[in-house]
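Have a look at the picture, and then we'll go through it piece by piece.

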Amino acid sequence: MSNAFYQETRLPGGPLVLSHSMPEAQSVALGIFVDIGSRDEVEGQAGMTHALEHMLFKGTQCMDVDQLAEKLDELGGNANAFTSRERTCFHLHVLHEHWQEALAVLTDMVRIPALPEDEWEREREVIYAEMAMVDDTPEEWIMDQHVEALFPEHALGRPVLGTHESLAGITAASLRDYLKKHYSDGNLLIAAAGRIRHDELVAALADYSWPVTGGAKERSQPGAPVQGLQALERDGEQAQMVLSFPGITVTSDERPLAWLANQVLGGGMSSRLFREVREKRGLAYGVGSHLSMLTDTGVWSVTCGSEPERAAECAVVLQQVLDDFADTLKEDEVERAKRQLEVQFRMGLDSVEGQMLYLGGRLDEESLYSPQQWLEQIRAVDVEMVRQWARARLAEGALWSIAAPKGVLASVCEKIGGNRH
C-alpha cells in the first residue's frame, strides 16, 4: 500500500513496514513499535513492559552489553526508547549512509535480546532510582496519583514503571516469557523516515525471521473516568493541581475539534489558561492543558502548580476559566489556534525523527492521514463546532486532584467543592 505521504508493506510472516521518504535529508530515523504497553500487564506483571524496554539495551545474542553500547555510540546518532500505557518503541536516528547497519542492530535488539540475569539484577536498581526521581518530581508524582484515581482497579491506572513490590518479583526468565508472548509479528511495526527508499528497506528486512503471534491481544475496557475530588497531603514549595474531563479516543473523528479546543484553552502563551492564571494574576509559573487519547478512552486535562498560600485562589480561577470557556470562545481565538496547529504540523514535516514517530500511529488505525490532510480538516472547522465540542466535554464533570501541604489543603478543596458542578 502507498499514498503520497508514506509507503507500506506487510512482510510475509513478519511485521508491517512503513516509510516516509525525505530525499534531501542527511539522516534516517528508524523505529520498531510494539503494540504492547503497561495496560496489557496482568496482576503481578506491573512494570514488566517498561523493564523490558530497559533490558533490550543490555546486549543481544550477537553482542554483549558493552559491545552493543559501543556499536550504538559508533553509529553516532541518537538511540532511545519509550514505554506508554499502550505502546513500546525502540528507535535510532543515524546518518543516511549507516541506516542498514543501524537497522540490523535495532532488529537484533528486538528479535534476539540477551536478557542476562545479572544485568536484570542491576537494571532493577536503576528503575528503582527512576521511581525515586518521579517521587521527587511533584508534577509527575501527582499525575500518577491522578491517573490511578481516574481508572481505579484497572491496569490503565497503574504506574508505567510498576512498583517496588512488582519489580522485585520479576526475573529474567519472566521477561523472556513476556517477550516471547508479545514481541511477535502481529504486534510489530517498523517505521523509517528520511533519506531512504521503501524498496530498499523492505529488501533489507526480507531475510529476518520473526516470532509468530501467540494469540489475539485482549484489552479490558475501562469504565468512564472517575469524577470527584482527590485530596493529597504533600509538603513542598508548590501546590499541584490536575483536573481531567472525559476526552476522545486516539482514532476519533473529533480530533480536529479537540486539538483546536485544547490549543485555545491551554496550548500556548495566548491560551486562556496562560493569560488568566499566569499573565493577569501571577498565580502560577506553569499552567496548561493537554489531551491523552487511548484506543478506548481518553481525557482532557489541565495541570497547574501554585504557591500553597495562593492555591485556593488559583483553583477558583481555573474553575472560572473552564465554566466560561465554551460560551465565550471567539472566532479570532479559533483562527489563531488553527495557525498555531499549522505551524506545528508543517514544521514537524522537517523532522526526520518526528515523521518516523508519526508513522507509528498506523498501529491504531487502518490508514494514516498526512499532516497536510489533517490541516485541511482543521481549516474546515468553525468556531461554533469547537464551542459545541467543548461545551459537551466540560459538562460531563471532572476529577480534581490536589496535592498541597496540610495547612492549606482543606481550604483549596473547600473552594473546589463549592465551585464544582
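## Starting with Thr-88

The side chain of Thr-88 comes to 2.9 Å from the backbone oxygen of Ile-36. Before going further, keep in mind that this is a predicted model.

Thr-88 sits in strand β5. Is Thr-88 buried or exposed? Its relative accessible area is 0%, and so it's buried. Leaving out residues up to four places away in sequence, Thr-88 touches a list of residues that includes Ile-32, Phe-33, Val-34, Phe-82 and Tyr-183. Thr-49 and Glu-53 are among the residues it touches too.

What does the side chain of His-93 join up with in a polar contact? The partner is the side chain of Ser-27, and the contact is 2.8 Å.

His-93 also shows how the chain folds back on itself in sequence terms: Gly-77 is 16 residues away along the sequence, yet the two C-alpha atoms are 5.2 Å apart in space. Not counting residues up to four places away in sequence, His-93 touches Ser-27, Val-28, Ala-29, Gly-77, Asn-78, Val-352 and Glu-353.

## The six-stranded sheet

Now for the sheet that β5 belongs to. Six strands make up this open sheet, in the order β1-β2-β6-β3-β5-β4, and the pairing is mixed. At the edges you'll find β1 (7-10) and β4 (78-83), each pairing on one side only. From one strand to the next, the twist averages 15 degrees.

β1 and strand β2 (residues 16-21) run antiparallel and are joined by four bridges. Within that pairing, Thr-9 is opposite Val-17 in β2. Helix α3 (residues 99-111) touches β3 (27-34), β5 and β6 (188-194), and its direction makes about 15 degrees with that of β3. Helix α8 (residues 198-205) touches β1, β2 and β6, with its direction at about 150 degrees to that of β2.

One more residue from β1 is worth a look: Gln-7. It's partly exposed, with a relative accessible area of 36%. Gln-7 and Met-22 are 15 residues apart along the chain, and their C-alpha atoms are separated by 12 Å.

Helix α1 (residues 48-55) and helix α7 (residues 172-182) have axes that come within 10 Å and cross at roughly 95 degrees. The two helices are therefore roughly perpendicular to each other. By class, their contact has seven nonpolar residues, two polar ones and no charged ones.

Which residues meet there? From α1 come Met-48, Thr-49, Ala-51, Leu-52 and Met-55, and from α7 come Ser-174, Leu-175, Tyr-178 and Leu-179.

## The five-stranded sheet

There's another open sheet, with five strands in the order β7-β11-β8-β10-β9 and mixed pairing. β7 (228-233) and β9 (284-293) are at the edges with a single partner strand each, so one side of each has no neighbour in the sheet. On average, neighbouring strands here are turned by 15 degrees against each other, direction ignored.

Helices pack here as well. Helix α10 (residues 272-279) touches β9 and β10, and its direction makes about 155 degrees with that of β9. Helix α11 (residues 311-328) lies across β8, β9, β10 and β11 (399-404), running at about 20 degrees to β8.

How many residues of β11 are buried? Six of the six are, so this strand is largely enclosed by the rest of the structure. Leu-399, Ser-401 and Ala-403 point one way from β11, while Trp-400, Ile-402 and Ala-404 point the other way.

β11 pairs with β7 in the parallel sense over six bridges, and with β8 in the antiparallel sense over five bridges. Ala-403 turns up in both pairings: it's the bridge partner of Leu-232, and Gln-240 stands opposite it as well. Gln-240 also has a bridge partner in β10, namely Gly-305.

Conventions. Residues numbered from 1 in each chain as written. Predicted model: local features only at pLDDT ≥ 70, side-chain atom pairs only at ≥ 80, totals over all residues. Heavy atoms only, no water. Axes fitted to C-alpha atoms, helices over the stretch in contact; angles between N-to-C directions. Parallel < 35°, antiparallel > 145°, perpendicular 65-115°, else oblique. Contact = heavy atoms within 4.5 Å. Nonpolar A, V, L, I, M, F, W, Y, C, P; charged D, E, K, R; others polar. Polar contact = N/O pair within 3.5 Å; in protein donor to acceptor, adjacent residues only side chain to side chain. Pairing = 2+ DSSP bridges. Buried < 20%, exposed > 50% of the residue type's maximum accessible area, 1.4 Å probe, protein only.
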